[in-house]
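Trainee: I should like to learn how to read the features of a protein model. May we go through some of them together?

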Amino acid sequence: MASAALAWLTTRYVAEPLLAHVTARLAARRPASAAAQRGPADTPGPADLVGDVTARATGTPSGRQTLAVLAGAAVLMLGGTQAAATAHDQTVRHSVDGLLAPSPDHPGAAALAPGSPPADPADAGRDDPDAVPFRPATWVAYDDHPDRPDCVQGGDRSELLECTVVAQDDPVAVVYLAGASHEQQYEEAFAALARAHGWELREMLKHGCRLATSGGGESTAGTGSAGAEAASRGSTGAGPTGATPAAPVPPPSCAGWNGRALAALVAARPDAVVVVGSRTYEDGSPEQVLPGQVDAWRTLDSAGIRVVTVRDNPRFEWFVPECVDAAGFAEACGRPRAEQLAAVSPVPTAPGVPATAVHLDLTDSICGPEVCAAVVGNVLVYRDDDHLTNTYVRTLTPVVGRQLRAGAPWLFEDGPAGDGRSDGRSAGPG
């Protein structure tokens, strides 16, 4: 009788509260997989393996009773509801920190450079005792992102948050990343270049809000986390339709934030503002350049501020790390390049784009000629359905640097005559 009472009390007041805590973490990191419901005779595609990405924000991990027992056991062994979560987070943090060490076995984007030996994508992620595992591991990938939560505005707030990522006493140039999470994901590459070339790198970011004039921003129902942002995007479809998506309708906080951001950037007069230039869609709808963004670029251009655009990366209808887990090899989780991206970037020729804008296109360093693969150069490219892992972004740094030097030589002290500066400040577009 005493043991039964103890079991009930443990389940009611210990296991179930901890289960809610664990469930919330799992829903963010590893939402429910439809693959678990399939028999061995099925041959699902990537979306079938991991389920519809649009439903993942509300999905609850399966096996509540099993988790309840395990959660109760964890409490009894570790002595508190936070112990297991803390130990897990420390393990993840240690694993993410370990990704900073350079590795010749993980060239990432360099594997797509001209002259690189071709890799067999069918081998990516397969069990091979002699193979060096790709990195980051799938269970670490979600946390492999820029770690500056206090630098990004979220929710319904429209106030500006501005952070200095790389400070310089006497900067050669001042560069801003401005927009949302697809700008923030390139922080590592731009920070490395800033340290190497004497730039001051700053960020002005809000989740779900591309830098745009009012009426042209991106709309999401997310509350600030990258996972919620990915799962709640209003223009995400459940399957390839080929239809042109409806124009995003920004919430009031996006419009207010954008007005403040543009005014602050004009007042700061940086040497360059880096933005994502196009919009790709999970359902395969055509890649677009949003008119409201172009209007914002023209506002900056009129103030003598140069805009640097980065073409958007591919997006998926499935969470890539989970797809690799479920399939057992990465080849099953890629996506045809032509299904996501125009043959040529639409950004430079979009109506109204300032002639002074500089355009970066990293597509050939993210995708092969035919397929945008899940693993490139032994590095997992995506941490969810549409964001690049920090580990992969670090391997893009040389590519970003080469394209910037070619298009924006004024950012480099050794740039061509007439584009450099002797006083440490930009001459502007002239």
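This is a predicted model: local features need pLDDT of at least 70, side-chain atom pairs count only at pLDDT 80 or more; totals for chains, interfaces and linings use all residues.

Trainee: What span should helix H9 have, and what is the distance between its end C-alpha atoms?

Mentor: Helix H9 covers residues 252–268, and at 1.5 Å a residue its 17 residues should span 24 Å. The end C-alpha atoms are 24 Å apart, so the two values agree.

Trainee: Which residues of H9 are buried, and where do they lie around the axis?

Mentor: The general idea comes first: an α-helix has 3.6 residues a turn, so residues three or four places apart point the same way. In H9, the buried residues are Ser-253, Cys-254, Trp-257, Asn-258, Ala-261, Leu-262 and Leu-265. They cover an arc of only 155 degrees around the axis, and therefore they lie on the same side of H9. The exposed residues Pro-252 and Ala-267 are on the face turned away from that buried side.

Trainee: Against which elements do the buried residues of H9 pack?

Mentor: Their partners are strand E1 (152–153), strand E3 (173–179), strand E4, strand E5 (272–276) and helix H10 (291–302). Just after H9, Arg-269 takes a positive phi of about 50 degrees.

Trainee: How many aromatic pairs does the structure hold, and how is the pair of Trp-199 and Phe-412 classed?

Mentor: There are 3 aromatic pairs. For Trp-199 and Phe-412, the ring centres are 5.6 Å apart and the planes stand at 70 degrees; planes over 60 degrees apart count as edge-to-face, so this pair is edge-to-face. The pair links distant parts of the chain, 213 residues apart: Trp-199 belongs to strand E4 (residues 199–206), and Phe-412 to the segment after helix H13 (390–407). Both Trp-199 and Phe-412 are buried. Elsewhere, ring pairs link Phe-316, Trp-318 and Tyr-382 into a cluster.

Trainee: Is Ser-103 buried or exposed?

Mentor: Ser-103 has a relative accessible area of 19%, and because buried means under 20%, Ser-103 is buried. This residue is found in the loop between helix H4 (81–98) and helix H5 (138–141). Its side chain is joined to that of His-106 by a polar contact of 2.7 Å.

Trainee: What does Leu-112 touch?

Mentor: Leu-112 is also found in the loop between H4 and H5, and at 27% relative accessibility it counts as partly exposed. Not counting residues up to four places away in sequence, Leu-112 touches Asp-364, Ser-365, Ile-366, Cys-367, Gly-368, Val-376 and Tyr-392. Leu-112 and Val-376 are 264 residues apart in sequence, yet 7.8 Å apart in space, C-alpha to C-alpha.

How values were computed. Residues are numbered from 1 along each chain as its sequence is written. Side-chain values use heavy atoms; hydrogens and water are left out. Helices (H or I, at least four residues) and strands (E, at least two) are DSSP runs, numbered from the N terminus. Buried means under 20% relative accessible area, exposed over 50%, partly exposed in between (1.4 Å probe, protein chains only). A polar contact is a pair of N or O atoms within 3.5 Å; within protein, one must be able to donate a hydrogen and the other to accept it, and residues adjacent in sequence count only if both atoms are side-chain atoms. Rings of Phe, Tyr and Trp (its six-membered ring) pair if their centres lie within 6.5 Å; planes under 30 degrees apart count as stacked, over 60 as edge-to-face and the rest as tilted. The expected span of a helix is 1.5 Å times one less than its number of residues. The arc is that of the directions from the helix axis to the C-beta atoms. Contact means heavy atoms within 4.5 Å.
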